[in-house]
Amino acid sequence: KLATAYYSAAELVFYRNLFALLALGGYVMLSGRSIRTPYWRFQFQRGLSGLASLMAYFYAIAWRLPERA
């Protein structure tokens with residue numbers, strides 16, 4: 001909530017997703033598992049809807065917080 005005063009919603013979503021990518025990428029590499037799926041279209045749609053909802057969440061927080069003097 002505090003970061004919305006300094007960063008745009010797009011930046012917050014980018015850094016949050018970057019952290020998740022690094023964490024999950026490291027786990028996948030260390031475990032040696034494959035992330036391949038036959039349902040890639042559904043995974044893509046799920047990712048887009050998650051991105052849109054996260055953007056809306058951060059926009060709502062930034063819009064609703066009162067400005068500090």
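Phe14 is partly exposed, with a relative accessible area of 49%. On this scale, buried means under 20% relative accessible area, exposed means over 50%, and partly exposed lies in between (1.4 Å probe, protein chains only). The model is predicted, so local features need pLDDT of at least 70, side-chain atom pairs count only at pLDDT 80 or more, and totals for chains, interfaces and linings use all residues. Residues are numbered from 1 along each chain as its sequence is written, and side-chain values use heavy atoms, with hydrogens and water left out.

The protein holds 2 aromatic pairs. Rings of Phe, Tyr and Trp (its six-membered ring) pair if their centres lie within 6.5 Å; planes under 30 degrees apart count as stacked, over 60 as edge-to-face, and the rest as tilted. Phe14 and Tyr15 have ring centres 5.2 Å apart and planes at 70°, so this pair is edge-to-face. Tyr57 and Phe58 also form an edge-to-face pair, with 5.4 Å from centre to centre and 65° between the planes. Tyr57 is partly exposed, at 44% relative accessibility. Phe58, in contrast, is buried, at 12%.

The secondary structure consists of 2 helices and 0 strands. Helices (H or I, at least four residues) and strands (E, at least two) are DSSP runs, numbered from the N terminus.

Phe58 also belongs to the largest nonpolar core, together with Ala9, Leu12, Val13 and Leu54. Such a core is a set of buried Ala, Val, Leu, Ile, Met, Phe, Trp, Tyr and Cys residues joined through side-chain atoms within 4.5 Å. Helices α1 (9-31) and α2 (40-64) each supply at least two residues of this core. The largest share, 3 residues, comes from α1. Leaving aside neighbours within four places in sequence, Leu54 is in contact (heavy atoms within 4.5 Å) with Val13, Arg16 and Asn17.

Buried residues make up 10% of the 69 residues in the protein. The protein exposes about 6,600 Å², and carbon and sulfur atoms supply 65% of this area. Accessible areas come from the Shrake-Rupley method with a 1.4 Å probe; for residues, only the protein chains shown count as cover.

With Leu18, Leu21 and Leu22 they form a nonpolar patch of about 550 Å² of accessible area together. Patches are made of residues with over 30% relative accessible area and no salt bridge; like charges are joined within 9 Å, and nonpolar side chains (Val, Leu, Ile, Met, Phe, Trp, Tyr) within 5 Å. A salt bridge is a side-chain nitrogen of Lys or Arg within 4 Å of a carboxyl oxygen of Asp or Glu. Leu18 lies in helix α1 and is partly exposed, at 34% relative accessibility.
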